[in-house]
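This report describes the fold of one protein chain and then turns to selected residues. The sequence and the model come first.

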Amino acid sequence: RGPAGAEHTLALSSDGTVRDRRGQAVRLYPEVPKVLERLQGLGVPVAAASRTGEVEGANQLLELFDLVRYFVHREIYPGSKVTHFERLQQKTGVPFSQMIFFDDEKRNIVDVSKLGTEWQG
């Protein structure tokens, strides 16, 4: 659990922008909603995996950006991405070789690719 009050550090402003407690806008990569919608339309199950220590904040962002509906599973907690993927594999039965992994951190890509996933950086 984060610091007291952490669950209130993000908010949807009247103009529809997600803002942090300092009033700074938090933005998605612009193509994310369209990609997730397309994958959902194709029947591709999508999961979220994050090593963040800000578990409540990460889940809150998914809710504020209305992205929760796209994820059939969420593994959001501190630790190893390998653990996240092992748990996803146990929950879904999908072999690692049929999983595609997108990440912006090289260390995560290196770790998870050892499981046999396909990856994009």
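Axes here are lines fitted to C-alpha atoms, for helices over the stretch in contact, and the angles between them run from 0 to 180 degrees between N-to-C directions. On that basis, helix H2 lies across strands S1, S2 and S3 and runs at about 5° to S1.

## Model and overall fold

The model is predicted. Its average pLDDT is 89, and 91% of the residues score at least 70. Over residues 1-7 the pLDDT stays under 50, and for this stretch the model has 7 contacts beyond four places in sequence.

The secondary structure comes to 4 helices and 7 strands. Along the sequence these follow the pattern β-β-β-α-β-α-β-α-β-α-β. The C-alpha atoms fill a box of roughly 45 × 35 × 25 Å, taken along the principal axes. Of the 121 residues in the protein, 26% are buried. Among contacts with a separation of 6 or more, 48% are between residues 24 or more positions apart.

## Strands

Strands S1, S2 and S3 form an open sheet in that order, with antiparallel pairing. The edge strands are S1 (10-12) and S3 (25-26), each of which pairs on one side only. S1 is joined to S2 (residues 18-20) by 3 bridges, and the two run antiparallel. Alanine 11 has arginine 19 in S2 as its bridge partner.

A parallel pairing is found between S4 (residues 46-50) and S5, which are joined by 5 bridges. Here the bridge partner of alanine 49 is glutamate 75 in S5. Together with H2, these two strands make a β-α-β unit, and the unit is right-handed.

## Helix H2 and its surroundings

Which residues of H2 are buried? They are Gly57, Ala58, Gln60 and Leu62. The buried residues of this helix pack against S1 and S5. Valine 55 lies in helix H2 and is partly exposed, with a relative accessible area of 27%. Apart from residues up to four places away in sequence, valine 55 touches Ile76, Tyr77 and Pro78. Valine 55 and proline 78 are 23 residues apart in sequence, and their C-alpha atoms are 8.0 Å apart in space.

Leucine 61 is also placed in helix H2. Its relative accessible area is 25%, so leucine 61 counts as partly exposed. Leaving aside neighbours within four places in sequence, leucine 61 is in contact with Leu10, Val18 and Val26. Leucine 61 and glutamine 40 are 21 residues apart in sequence, and the distance between their C-alpha atoms is 19 Å.

After H2 comes aspartate 66. This residue has a positive phi of about 55° although it is not a glycine. Aspartate 66 sits in the loop between helix H2 (55-64) and strand S5 (71-76). With a relative accessible area of 43%, aspartate 66 is partly exposed.

## The aromatic pair

A pair of aromatic rings is described by the distance of the centres and the angle of the planes. The structure holds 1 aromatic pair. It is formed by phenylalanine 85 and phenylalanine 101, with 4.9 Å from centre to centre and 80° between the planes. Why does this pair count as edge-to-face? The planes are 80° apart, and an angle over 60 degrees counts as edge-to-face.

Phenylalanine 85 lies in helix H3 (residues 81-92) and phenylalanine 101 in strand S6 (residues 100-102), so the pair ties together parts that are 16 residues apart in sequence. Phenylalanine 85 is buried, at a relative accessible area of 6%. Phenylalanine 101 is buried as well, at 4%.

## Accessibility of the residues discussed

The table lists the relative accessible areas given above.

| Residue | Relative accessible area | Class |
|---|---|---|
| Valine 55 | 27% | partly exposed |
| Leucine 61 | 25% | partly exposed |
| Aspartate 66 | 43% | partly exposed |
| Phenylalanine 85 | 6% | buried |
| Phenylalanine 101 | 4% | buried |

The classes follow from the cut-offs, because buried means under 20% relative accessible area and exposed means over 50%, with partly exposed in between.

Notes. Residues are numbered from 1 along each chain as its sequence is written. This is a predicted model: local features need pLDDT of at least 70, side-chain atom pairs count only at pLDDT 80 or more; totals for chains, interfaces and linings use all residues. Side-chain values use heavy atoms; hydrogens and water are left out. Rings of Phe, Tyr and Trp (its six-membered ring) pair if their centres lie within 6.5 Å; planes under 30 degrees apart count as stacked, over 60 as edge-to-face and the rest as tilted. Buried means under 20% relative accessible area, exposed over 50%, partly exposed in between (1.4 Å probe, protein chains only). Two strands pair if DSSP finds at least two bridges between them. A crossover is right-handed if, with the strands pointing away from the viewer, the path from the first strand over the helix to the second runs clockwise. pLDDT is the predictor's confidence in each residue, from 0 to 100. Contact means heavy atoms within 4.5 Å.
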